[in-house]
Amino acid sequence: MERLERNRGLGIAVDRTAADAARAIAALPQTDLLRLAALARLWSRGLPDGLVWTDVLNEAILRVLDGSRPWPPGVPLLAFLSGVMRSICDDHWRRARREALRRHGDVADLDATVGDGAPDPERMLAAAQALAAIIELFADDALALQVIAGLSEGLTAAEICRQYTMGERDYDTTRKRMRRKLMRHRLQFSWGANWGVR
Amino acid sequence: MTKQWRPHVDLARLSAALSEDIIAAPEPELRAMLADPVFPGGAIVRQVRDVIAHAIGESDESSAGVIGPAGPSRLFVAL
């Protein structure tokens, strides 16, 4: 892969090679490895076909290293790898749906069914169970439940505060509390298996 | 008219927000998790290191022609 260098005002943007990505991934500190595990578990939960977070992480790294998912300049490595893992999992859900339809002979309009965002019963069930597990985890935390509801609806922080008459400080401390509990729970209790549902 | 509940959409939105939280988690918080004797931080880190070493090793072998691009551990197929 050819390295491109361009002057952009005071800085120089460098397109990273797969070797750059390999070096950066191999040099990640322990704290980032913990983040990477949490991200891999987050995106891979409930995946069909017995695939687990290590499979998703492995595939993400392979795609970066084989050049099919080049690491763009200016994008932090963890955010980039998180996006690659999310995309791998989305693709896998669609593929599993397509194969399930084919197996059942519902092939008349396969591309339209899979491509138009039509509900996938298996994915919806897995998602409903995962959401139920998260809600159960925060059953005794009313503010966290409000934040979860707001985030699930796609609301911004300001909208959540307005909708639930929540102060900014309460919102921030709730997000911190959620992060700590979810990371510990996800990394600890899903040890050896997918978190939430399989 | 009631709106149909789409849990996978809700979960995708929530997961996106949570992924940002994970990425932005402060270093001291993560170091504290790693230092906590009850938390299996060392084992998790070792497992991630193993995955990385395996993927980098496999990628090297693949570029040397030992394993093809769709080698044995490519469990995912692009659409």
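Me: What share of the 198 residues in chain A is made up of buried residues?

Reply: Buried residues make up 35% of chain A. A residue is called buried if 20 or more other C-beta atoms, placed from the backbone, lie within 10 Å of its own, exposed if there are 12 or fewer, and partly exposed in between. In chain B, 24% of the 79 residues count as buried. This is a predicted model, in which local features need pLDDT of at least 70 and side-chain atom pairs count only at pLDDT 80 or more, while totals for chains, interfaces and linings use all residues. Residues are numbered from 1 along each chain as its sequence is written, and chains are lettered from A and ligands numbered from 1 in the order in which they are written.

Me: What makes up the secondary structure of chain A?

Reply: Chain A has nine helices and two strands. Helices (H or I, at least four residues) and strands (E, at least two) are DSSP runs, numbered from the N terminus. The order from the N terminus is β-β-α-α-α-α-α-α-α-α-α. Chain B has three helices and zero strands, in the pattern α-α-α.

Me: Why is H3(A) called largely enclosed by the rest of the structure?

Reply: H3(A) is called so because 12 of its 13 residues are buried. Among them are A:Trp53, A:Val56, A:Leu57, A:Ala60 and A:Leu65, and also the charged-type names A:Asp55, A:Glu59 and A:Arg63. The helix covers residues 53-65. From its first C-alpha to its last it reaches 18 Å, close to the 18 Å expected at 1.5 Å a residue; the expected span is 1.5 Å times one less than the number of residues. Just after H3(A), A:Gly67 takes a positive phi of about 85 degrees.

Me: With which residues is A:Val56 in contact, leaving aside its neighbours within four places in sequence?

Reply: A:Val56 is in contact with A:Ala40, A:Trp43, A:Ser44, A:Leu51, A:Met85, A:Ile88 and A:Cys89. Two residues are in contact if their C-beta atoms, placed from the backbone, lie within 7 Å.

Me: Which residues have the most contacts inside the largest nonpolar core?

Reply: They are A:Ala37, A:Ala40, A:Val56, A:Leu57, A:Ala60 and A:Met85, in a core of 55 residues. Helix H2 (residues 30-44) of chain A gives the largest share, nine residues. At least three residues come from each of domain 1 (13-118) and domain 2 (120-198) of chain A, with bounds from an automatic or database domain assignment. A nonpolar core is a set of buried Ala, Val, Leu, Ile, Met, Phe, Trp, Tyr and Cys residues joined through C-beta atoms within 7 Å.

Me: Why is A:Asp49 called exposed?

Reply: A:Asp49 has 11 other C-beta atoms within 10 Å, so it falls in the exposed class. A:Asp49 is found in the loop between H2 and H3 of chain A. Its phi is near 70 degrees, a positive value in a residue other than glycine.

Me: What makes A:Thr165 exposed?

Reply: A:Thr165 is exposed because it has 8 other C-beta atoms within 10 Å. A:Thr165 is in the loop between helix H8 (157-163) and helix H9 (168-189) of chain A, and has a positive phi of about 50 degrees although it is not a glycine.

Me: Why does B:Glu58 count as buried?

Reply: B:Glu58 has 21 C-beta neighbours inside 10 Å, so it counts as buried. B:Glu58 lies in helix H3 of chain B.

Me: How many residues of chain B are in contact with chain A?

Reply: 45 residues of chain B are in contact with 52 residues of chain A. Of the elements of chain B, H3(B) gives the most to this side, with 14 residues. The side divides into 26 nonpolar, nine polar and 10 charged residues. Here Ala, Val, Leu, Ile, Met, Phe, Trp, Tyr, Cys and Pro count as nonpolar, Asp, Glu, Lys and Arg as charged, and the others, Gly among them, as polar.

Me: Where in chain B is confidence lowest, and where is it highest?

Reply: Confidence is lowest in H3(B), at a mean of 87, and highest in H2(B), at 95. This confidence is pLDDT, which the predictor gives for each residue from 0 to 100. Over residues 65-72 of chain B the pLDDT is below 50. In chain A, pLDDT stays under 50 over residues 1-14 and over residues 191-198. Where pLDDT is low, the predicted coordinates should not be read in detail.
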